[in-house]
Amino acid sequence: MTESGDPMTIETRTSPTGADERAVDEGPTIRIVATTSVLDESEQIAPGAAGQGARMEFAPEDVVFELDRLSCFYGAFRAVRDVSLQVPRNMITALIGPSGCGKSTLLRSFNRMNDLVDSARIDGRILYHGVDLYADGVDPVEVRRRIGMVFQKPNPFPKSIYDNVAFGPRVAGFKGNMDELVERSLRRAALWDDVKDKLKQPGTALSGGQQQRLCIARAIAVEPDVILMDEPCSALDPIATLKIEELMRELKENYTIVIVTHNMQQAARASDYTAFLTMGDDRAGYLVEMASTQELFTRPANRLTEDYITGRFG
C-alpha cells in the first residue's frame, strides 16, 4: 500500500531479452526496478559471466552512492570487475559473498581508503551525491571525514575513552563544546551509560564489544554522512554482535550505512538491501544481483545467489 492508502502498482512487461521486468513503486521517493530472469536452470548465469541479476534504481534525491562500471585493481590484478549499483540514503546496505570476491576492496573504494595502497587504482566512477569521488581536486581527507569507517577488529587508540572520541574533532579544528560532543557521540553509540564514570580510563581496557562501539562513537564524532563497516562483528561474541546490530538500526535514522558481512543471518537481520558478489574464473569479484534483503533471501533472481545463501557454496 502507498502512504495515501492506494494499493501498490506493479507493471509487468517482457523485455527484449525475454525477462519479465517488474517496476514497483513503493512510495513517493524510492523507485525499485527488478529484473527477474525467466531462463531455465541450464541458461542461468555461469560463474565468471557478467552479472545479469536484479538491478535497483532509486529516486535521484535518495541516492548517496552510484557506482558506474567500477573496477578495482592492485597492480595488474583486477580484484573487482564492472560493478554498477546504487546505495540509498538512511538505509543499511549489506555486501555479501564468498571470501576473496572483493567486498572489502569495494567498500574501501567508497571513501578512497585504497589510495593508501601504492598499487591500487580504479576504472569507472563512484559518484557521491553526484560528485565523482576520484575526480581531480577532490580532497581524500575530506572524503574520509564525510564517509567514516569502522574496521573488522576494534582499534581504539592508546588513549583515554574521552580522547578517542575527541581525536577527530580536534584534528578537524572543532571549536564548540568538546564535552558535549563527546557525550553526544557516546550516547549515539549506546556506550555512554557504560563509560560515563570512567572517561579518563584507556579505551583499550574496554571489552571487545565496547571497544567496537567506542570506534563507532569516534567515527560519528566528526559528523559524517556515511558509515562504512567492514565485518564489524566478526571478532565479537553473539551478545555484543546483537548490540552492534541494534545500534546500526538506530544510527540509520541519521546516517547511511554500508556493511560487509560473511554472516548471512546478520545480513538478513540488520540490512535493508543486500548486494551479492562472487568471483569469476579470473578471480575478479563481480555483482550478481542486488535487491531488498527480504526479496534476495526469499526469492533470489539468480541461481548463484540461491546457492550461496543456502550454503551450497561459499
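**Exercise 1.** How close do the axes of H6 and helix H7 come, and at what angle do they cross?

*Solution.* The model is predicted, so local features need pLDDT of at least 70 and side-chain atom pairs count only at pLDDT 80 or more, whereas totals for chains, interfaces and linings use all residues. Residues are numbered from 1 along each chain as its sequence is written, and side-chain values use heavy atoms, with hydrogens and water left out.

Step 1. Helices (H or I, at least four residues) and strands (E, at least two) are DSSP runs numbered from the N terminus; H7 covers residues 238-251.

Step 2. The axes of H6 and H7 come within 9 Å and cross at roughly 20°. Axes are lines fitted to C-alpha atoms, for helices over the stretch in contact, and angles run from 0 to 180 degrees between N-to-C directions.

Step 3. H6 is therefore roughly parallel to H7, a term for angles under 35 degrees.

Step 4. Contact means heavy atoms within 4.5 Å. Gly 209, Gln 212, Arg 213, Ile 216 and Ile 220 in H6 meet Ala 240, Lys 243, Ile 244, Leu 247 and Leu 251 in H7.

**Exercise 2.** Describe how H4 packs against H6.

*Solution.* Step 1. Helix H4 (residues 178-188) and H6 pack at an angle of about 130°, and their axes are 8 Å apart.

Step 2. The two helices H4 and H6 are therefore oblique to each other; this class holds the angles left after under 35 (roughly parallel), over 145 (roughly antiparallel) and 65 to 115 degrees (roughly perpendicular).

Step 3. Ser 185, Leu 186 and Arg 188 of H4 make the contact with Leu 214, Ala 217 and Ile 220 of H6.

**Exercise 3.** State which elements give two or more residues to the lining of the second largest pocket.

*Solution.* Step 1. A pocket is an open set of points on a 1 Å grid over the protein atoms alone, where a 1.4 Å probe fits, with protein on both sides within 12 Å along at least five of seven lines; lining residues have an atom within 4 Å of a point.

Step 2. The second largest pocket has a volume of about 590 Å³, the space filled by probe spheres set on the points. Of its 20 lining residues, the closest to the centre are Arg 144, Arg 145, Gly 168, Arg 218 and Val 222.

Step 3. The elements are helix H2 (140-146), strand E9 (147-150), helix H3 (161-171) and helix H6 (208-220). H2 gives the most, with four residues.
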